[in-house]
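Have a look at it first, then read along.

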Amino acid sequence: MSRVSIFPLPGALLLPGMELPLHIFEPRYQAMIHDAMARDRRIGMIQPREEGTKPALFDVGCLGHITHIEALEGGRYNILLKGLARFRVVRELDVPTAFRQIEADVEPIAQEDEILSAVERAALEQESRRFADALGYVVDWTAVSRLDDMALVNGIAQIVPFDPAAKQTLLEADTLGERADRIIQLMQIVGRIERDGGATMQ
């Protein structure tokens, strides 16, 4: 079990091996970054289940390492966080800090990248093209084709305009193939909503 300082933020998905830029401006999270830099440069990203000053949390988040930090006026920071491993919340700790801390069961850090089958990769790229066209996104598909499987799947998972609950299902997928399949299903749902004139899952 590990003690993890957490940053609850809806819609902000961090996945192992991926990077997430963050602007830190609230005093409690400024204190959290200061604390992390004095210790191991690690914080946990997790999504809240609801709104409020101390909302309930989803069960699974991702531990991140601060790889870059820029100090700004007023105690604010720009940071770059790299995902290390998923964690599961065991319990929230009673702490005197303004930022929340949990006891977490952290998964072992993966030593090798997962890969997709050729069929899985082709299906994801095809659905991504349809999705981008439907929403009017301009994408450099030549650059996309050069990405390895983990960068492709996890990069899409982080940037697609899905709601927090949908993004949470992507984080909780146990394999890369399962995450790719869930992305395809969610893209198809959003595509149908767009064709019917509804709103996207934001």
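**Entry 1: the annotated span**

I reminded myself at the start that this is a predicted model. I then looked up the record: an unreviewed UniProt entry lists residues 4–191 as "domain: Lon N-terminal". I checked that span in the model and found 38% helix and 27% strand. The C-alpha atoms at the ends of residues 4–191 are 37 Å apart.

**Entry 2: salt bridges**

How many salt bridges does the count come to? I got 13 salt bridges. I picked out a few to follow up.

I took Asp174 and Arg86 to begin with. Their closest N and O atoms are 3.1 Å apart, and the two form a salt bridge. Where do the partners sit in the chain? I found Asp174 in the loop between helix 5 (164–172) and helix 6 (176–195), and Arg86 in strand 5 (residues 77–92). Arg86 is buried, because its relative accessible area is 9%, which is under the 20% cut-off.

Next I turned to Arg49 and Asp59, whose side chains meet in a salt bridge at 3.6 Å, N to O. Both Arg49 and Asp59 lie in the loop between strand 3 (42–46) and strand 4 (60–71), so the pair ties together parts that are ten residues apart in sequence. I noted Arg49 as partly exposed at 48% relative accessibility. Asp59 is partly exposed too, at 36%.

I went on to Asp35, Arg39 and Asp40, which are linked in a network of salt bridges. Within it, the side chains of Arg39 and Asp40 meet at 3.8 Å, N to O. Arg39 counts as partly exposed at 45% relative accessibility, and Asp40 is partly exposed at 38%.

Then I checked the backbone at Arg41. Its phi is near 65 degrees, a positive value in a residue other than glycine. I placed Arg41 in the loop between helix 1 (27–38) and strand 3. Arg41 is partly exposed, with a relative accessible area of 28%.

**Entry 3: a negative patch**

Which residues form the negative surface patch? I listed Glu112, Asp113, Glu114 and Asp148. I followed up one of them, Asp113, and found it in the loop between strand 6 (101–106) and helix 2 (118–135). Asp113 counts as exposed because its relative accessible area is 57%, over the 50% cut-off.

**Entry 4: a contact across the sequence**

My last stop was Gln158, which lies in helix 4 (residues 149–159). Gln158 and Leu15 are 143 residues apart in sequence, yet their C-alpha atoms are 7.8 Å apart in space. Why does Gln158 count as buried? Its relative accessibility is 14%, and buried means under 20%.

Technical notes: Residues are numbered from 1 along each chain as its sequence is written. This is a predicted model: local features need pLDDT of at least 70, side-chain atom pairs count only at pLDDT 80 or more; totals for chains, interfaces and linings use all residues. Side-chain values use heavy atoms; hydrogens and water are left out. Patches are made of residues with over 30% relative accessible area and no salt bridge: like charges are joined within 9 Å, nonpolar side chains (Val, Leu, Ile, Met, Phe, Trp, Tyr) within 5 Å. Accessible areas come from the Shrake-Rupley method with a 1.4 Å probe; for residues, only the protein chains shown count as cover. A salt bridge is a side-chain nitrogen of Lys or Arg within 4 Å of a carboxyl oxygen of Asp or Glu. Lys and Arg count as positive and Asp and Glu as negative; His and the chain ends are not counted. The place of a charge is taken as NZ of Lys, CZ of Arg, CG of Asp or CD of Glu. Helices (H or I, at least four residues) and strands (E, at least two) are DSSP runs, numbered from the N terminus. Buried means under 20% relative accessible area, exposed over 50%, partly exposed in between (1.4 Å probe, protein chains only). UniProt positions are given in the numbering used here, feature names are shortened, and annotations may be inferred rather than shown by experiment.
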